Amino acid sequence: MYIFSATAKTQQDRPGFNAGSSVPFIVYIDFKDMFGAEKLCQLFLLKEGFSEVHIEKRKLIPNDKLSPELIDKDPAIAEALASGYMIQMFDAH
């Protein structure tokens, strides 16, 4: 599981952001390698109507650290494990 801190520009007005604004995200990707996970992160944000995706931070959570307790405490991780990814948009930097 990889976690990315990213920003992307919105193409249209969204709650809390005007068109052209930079929007912060945390993206969880359940994928085997960093390069593929990073590209998926970019593609998912592009698919959602954002552009100029910039990944600022990357973090690997090894599979042996994904304990049932951690998964129960973090719904974002649970969602990423179930669907392959999870995108969380923040309303401010």
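Trainee: Which residues is phenylalanine 4 in contact with, leaving aside its neighbours within four places in sequence?
Mentor: Phenylalanine 4 touches Phe25, Ile26, Val27, Ile29, Met34, Ala37, Glu38, Cys41, Ile55, Lys57 and Arg58. Contact here means heavy atoms within 4.5 Å. This is a predicted model, where local features need pLDDT of at least 70 and side-chain atom pairs count only at pLDDT 80 or more, while totals for chains, interfaces and linings use all residues. Residues are numbered from 1 along each chain as its sequence is written, and side-chain values use heavy atoms, with hydrogens and water left out.

Trainee: Which residues touch the most other members of the largest nonpolar core?
Mentor: Phe4, Phe25, Val27, Ile29, Cys41 and Leu45, out of 16 residues in that core. A nonpolar core is a set of buried Ala, Val, Leu, Ile, Met, Phe, Trp, Tyr and Cys residues joined through side-chain atoms within 4.5 Å. Buried means under 20% relative accessible area, exposed over 50%, and partly exposed in between, with a 1.4 Å probe and protein chains only.

Trainee: Which elements supply at least two residues each of this core?
Mentor: β1, β2, α1 (34-47) and β3 do. Helices (H or I, at least four residues) and strands (E, at least two) are DSSP runs, numbered from the N terminus. Another core, of ten residues, lies apart from that one and includes Ile3, Ile26, Tyr28 and Leu66.

Trainee: Back to β1, then. Why is strand β1 largely enclosed?
Mentor: Eight of the nine residues in β1 (residues 2-10) are buried, so the rest of the structure largely encloses the strand.

Trainee: Which way does β1 run against β2?
Mentor: Antiparallel, with eight bridges joining β1 to β2 (residues 22-29). Two strands pair if DSSP finds at least two bridges between them. β1 also pairs with β3 (residues 50-60) in the antiparallel sense, over eight bridges.

Trainee: What is the bridge partner of threonine 7 in β2?
Mentor: Proline 24. In β3, histidine 54 stands opposite threonine 7.

Trainee: Changing topic, how many helices and strands are there in the protein?
Mentor: The protein has three helices and four strands, in the order β-β-α-β-α-α-β along the sequence. The radius of gyration, taken over C-alpha atoms, is 13 Å.

Trainee: What share of the 93 residues is buried?
Mentor: Buried residues make up 38%.

Technical notes. Rg over C-alpha atoms; globule rule 2.2 N^0.38 Å.
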